[in-house]
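Subject: Structure handover and notes

Hi,

Here is the structure we talked about. My notes on what turned up follow below it.

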Amino acid sequence: MDSVILKTAIRFLLPLLLLASVFLFLRGHNEPGGGFVGGLLASGAIALYAMTHGAAAARQVVRVPPRILIGSGLLFALVSGVAPLFVGRPFLTGLWTTITTEGLGKLHIGTPLLFDLGVYCVVTGVTLVFVFSLLEE
Amino acid sequence: MDILLAITVGGLYAAGIYMMLRRNVVKLLIGLGLLSHAANLLLFTAGGLVRGRVPVVPDEGAWPLVIVADPLPQALILTAIVISFAVLAFALVLIYRTYQTLGTEDLDELKATDT
Amino acid sequence: MLLWLLAILIAAAVAPTVNRVVGSLGGGSLGGWVLAVVPAGVFIALLRLWPSVVNQQDVSVFVDWVPALNLAVSLRLDGLSLLFGLMVTGIGALILVYAGAYLKGDDRLGQLWMLLLLFMAAMLGLVLADNLLTLFIFWELTSITSYLLIGFNSDRPESRASALQALLVTGGGGLVLLPGLILLGLAGNSFEISTLLTSAEPIREHAFYLPMLLLILVGAFTKSAQFPFHFWLPNAMAAPTPISAYLHSATMVKAGVYLIARLHPILGGTAEWFWMIASVGAITMVLGAVLALRATDLKQVLAYATISVLGTLTMLLGIGTEATLVAALAVLVAHAFYKGGLFMVAGAIDHSVHQRDVRELGGLRMAMPATFAAACLAGCSMAGVLPTFGFIAKETWYESVGHVAGSGFLAASILSNVGLVAAVGFVCVKPFFGRRTESTRHAHEGGLAMWGPPVVLGIAGLALGLLPTRISELLAAGSGAIAGRAVPVHLALWHGVNVTLLLSLLTLAGGITLYWILRQGQLHRLKPYFYFFEGVTQYGPSRFYHWLLRTVNQFARGQTAMLQNGYLRFYLFTMVGLTVASVWMALGGELRSHLKPMPFDVRGHEVLLACLILAAAVVAVRATTWLLAVGALGVVGYCVAGIFVLFGAPDLAMTQFVIETLTVVLFVMAFSRLPEFRRLSTSATRGRDALIAVVAGATITVLLLFAMTVRSSHPISDYYLAHSVSEAHGRNVVNVILVDFRALDTLGEITVLAIAAIGVYSLLSLRPSKQADGEGDAAEGTEVSLRKGVPGTQFDSTAGHAADQEGV
């Protein structure tokens, strides 16, 4: 795919798509979105970039190797599961705390968010492994 | 709409199964894709159809007064979509490698290589 | 008591390390002495409980495991357990030392010690268990560990075959035993043996009595090598001698006898008990003695002699009077001492001259004096010569049998003992006397660890014979546990001249004569009898075993070839067909009553989407290029996403939309290197497949319509909707279910995703040929061998082609 227009378009689209994926991920708990679709959107954007600019360039953009993404994602999910054990709650029970910040108001932060981050990382990593492996054939 | 979707699901199943009965591994893969769409749609239809009501609680602590779409099948289907994507990708790579190694896409020629 | 088991298990775990450490310190096989400390410690701990056990005070431990299932680990030490426990740990400690000398310098010594200790733990657990299921678990553990031990020389095919045979026979017996124990537990309303003891009467009158007795006895008979399951024991001699000495003299083969003894107070005392057990025992007893004389291998002689003694024990327990129970325990103790010793003697000879054929041995008396002494002590006990414990045991045995059941059992006993006395000649006389032979010319004595243990056992046998008062206490406690009431025991070496003594002398005389006849090469006169026994017994069950093994394998192969014929569509057809058939069988009657007319409430754009899906599916099916098929598949996916949008599932729609894009991208990447579609099937096949597909699709439609009519409310979702904000602080219920309410499922799912990624990665990136490219010609060999593995010219050419391409 050597179309210059496509290449340029995707170079500009990539940050926007990645931003959209983070947005989808963050609002997922209250509005449609979440780790799955966020991760898929991110990897989809990188896949488009990889198809136009080559897998090596795409790997440069991601910086983190996909398998590290998968591993750390699983680790996040596990940590969010194990954490409640230390305060005597069952495995994977959500723990919540409220943080008051300037400008954003009150924020609910909890282990399910960490879990969702894990899902995001795993989904991104897995899809990137598929894409990169096939592209580098 | 229930009846219409039921027929659609049946049609997708028929198409998927027919494709999976082919000897060509590529067609098998297309059939697998059709079958996973069919399965997702089956779950969705069986879970009950509610037009346009998103299962999002409108405001903090408030109980949705109107009937909304059932969130549980949706959660199930969401995972099913992602899993079937992974399965499809794995099958794709497996078949690709098989063809690369053995040079045939005919399943009948692939049946005895492991003996 | 749990601590004892734990200590032995820990010793097993560290055994290989001990071997390495001691070996590196230059200690050679001293590790055996170190490890033997553990069983010796347990032995002493058991001895310290002797006084309380002898005074009928049982020691028990109870650990509740799964109370809801009535599963508990409960251990109890009574006279019978103490007797067995002492044998298991005492002889076990000696065996560990002996094994160190036997396998000196062998890398696998640590492994042998580990397996022996594991087996010891299982065996000790078995005799201590007070719960039927605990007992069964330990029972199976002894089967498994003995499988590993018998097959210790795993590089020899006959060793593996023997191990497998032992496992199949004893393991199969275990499978039969389990339902028997469960029936017993059901009939007695408890799985605790000590509780069952109180309800023996109702159990014996229960309708399950006969089936449970039969099942349990099959288990016990297989384990204790009773006719017709005896054939595995001689074959198990393929194991190194320390293992034979331990498993096949003192411990494992006695597990069956132990089980019969343990259940005697619950199940015993009936006519069925008497006849089934006593007759099988008597047959085994005579059979073993006769076959022992046929064998020429030292260990085979001992193995058949062991079978004979096991038969004796079974017979005595079957008869089940107080006197025979005491006799059984006396024979058991005597046998453990002398047979363990004799096996070790046989091992020492084998180790020294690498020869176990009796005909080739002779004149070892001077070369191996200590071993000879041990052989003499053990041999006297086996032959029942004054003043060993074997003599007391035989006197008690004759006395008890003579009093009970008429002349049949007594005659069989004397007959078997004549055979055993002759066998003693082959094991203890022939190898040591006479002139040195070709093989024994370079014989030499082994170290202390080699001859020490058998001498210790021999002296113990002698000491017990001279001072039988202490052992009488234990036998009283043991037979009390078997009888279910107190049994007085007064063993003495000298009873005066009476009938029993005369019978003993007769036995000795007969045995010596028999040995003399056989030694003089007069064997041919007795041969017809041997052939008779061989034909009827040895051959029959063994041949049946092999026939069964072959037939099962043939059946498995046949049905695999039929059901798993390698055609994917055949499997699919089976699955689809069975599903459709079972759905219609279940729906058949109810369909008409449930299929109500539904409101046909449809909007235009919905019809459009549905029609688009169906049309795209038809295009995908009829496509002649893969690009068209993939495109059509994509259309189906996007339309499904559209349906998700229309019916309140934006999360699904978004996910489906992105996934569909990614799928199409992946398909395009991979398919561009695959060939275009070819027409591979005839139109008749297509028609048949189309019919199957349409029937399956129609079934799904009907099933779905049916499912919708029987739907009730959605109680689970109501809960999620109501608690989403209050408990999980999220308003998007779908996401809350995924990451909070049902997070465990999601955790499982992302793990599956990771595994799929590993699969793809390893298929594409970790290829031998890909790595080999960098190494150049070195990889040529693997490439060739890889190609050779698969027949067919087409493969050859394409693999070569692929390799060429990658090379470029």
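A:R63 counts as exposed, because it has 7 C-beta neighbours inside 10 Å. The cut-offs are these: a residue is buried if 20 or more other C-beta atoms lie within 10 Å of its own, exposed if 12 or fewer, and partly exposed in between, with C-beta atoms placed from the backbone. A:R63 lies in the loop between helix 3 (55–62) and helix 4 (66–86) of chain A. Helices (H or I, at least four residues) and strands (E, at least two) are DSSP runs, numbered from the N terminus. The phi of A:R63 is positive, about 70 degrees, although the residue is not a glycine.

Before you go further: this is a predicted model, where local features need pLDDT of at least 70, side-chain atom pairs count only at pLDDT 80 or more, and totals for chains, interfaces and linings use all residues. Residues are numbered from 1 along each chain as its sequence is written, while chains are lettered from A and ligands numbered from 1 in the order in which they are written.

Most residues other than glycine have a negative phi, and most peptide bonds are trans. C:A225 also stands out here: it is not a glycine, yet its phi is positive at about 55 degrees. C:A225 sits in the loop between helix 9 and helix 10 of chain C. It is buried, because 28 other C-beta atoms lie within 10 Å. The loop between helix 9 (209–223) and helix 10 (232–235) of chain C also holds C:P228. The peptide bond that joins C:F227 and C:P228 is cis, with omega about 5 degrees.

Helix 15 of chain C

This helix covers residues 322–353, which is 32 residues. From first C-alpha to last it reaches 46 Å, close to the 46 Å expected at 1.5 Å a residue. That expected span is 1.5 Å times one less than the number of residues.

A glycine in a loop

C:G484 is in the loop between helix 21 (469–483) and helix 22 (499–519) of chain C. It is partly exposed, with 14 other C-beta atoms within 10 Å. What does C:G484 touch, not counting residues up to four places away in sequence? The partners are C:L197 and C:P265. Two residues are in contact if their C-beta atoms, placed from the backbone, lie within 7 Å. C:G484 and C:H264 are 220 residues apart in sequence, but 8.2 Å apart in space, C-alpha to C-alpha.

Chains A and B

Chain A has five helices and two strands. Along the sequence its pattern reads α-α-α-α-β-β-α. Of its 137 residues, 45% are buried. Take the contacts in chain A between residues at least 6 apart in sequence: 63% join residues at least 24 apart.

Chain B has three helices and zero strands, in the pattern α-α-α. Buried residues are 59% of its 115. Among chain B contacts with a separation of 6 or more, 52% come from residues 24 or more positions apart.

Between chains

- A and B: seven residues of chain A are in contact with seven of chain B. Helix 5 (residues 111–135) of chain A gives the largest share of chain A's side, four residues. That side divides into six nonpolar, no polar and one charged. Here Ala, Val, Leu, Ile, Met, Phe, Trp, Tyr, Cys and Pro count as nonpolar, Asp, Glu, Lys and Arg as charged, and the others, Gly among them, as polar.
- C and B: 94 residues of chain C are in contact with 82 of chain B. Helix 29 (residues 683–709) gives the most to chain C's side, with 14 residues. The side of chain C divides into 64 nonpolar, 18 polar and 12 charged.
- A and C: residues in helix 2 of chain A, including A:F36, A:L40 and A:G44, meet residues in helix 28 of chain C, among them C:M654, C:V658 and C:L662. This helix contact divides into 11 nonpolar, three polar and one charged.

Best wishes
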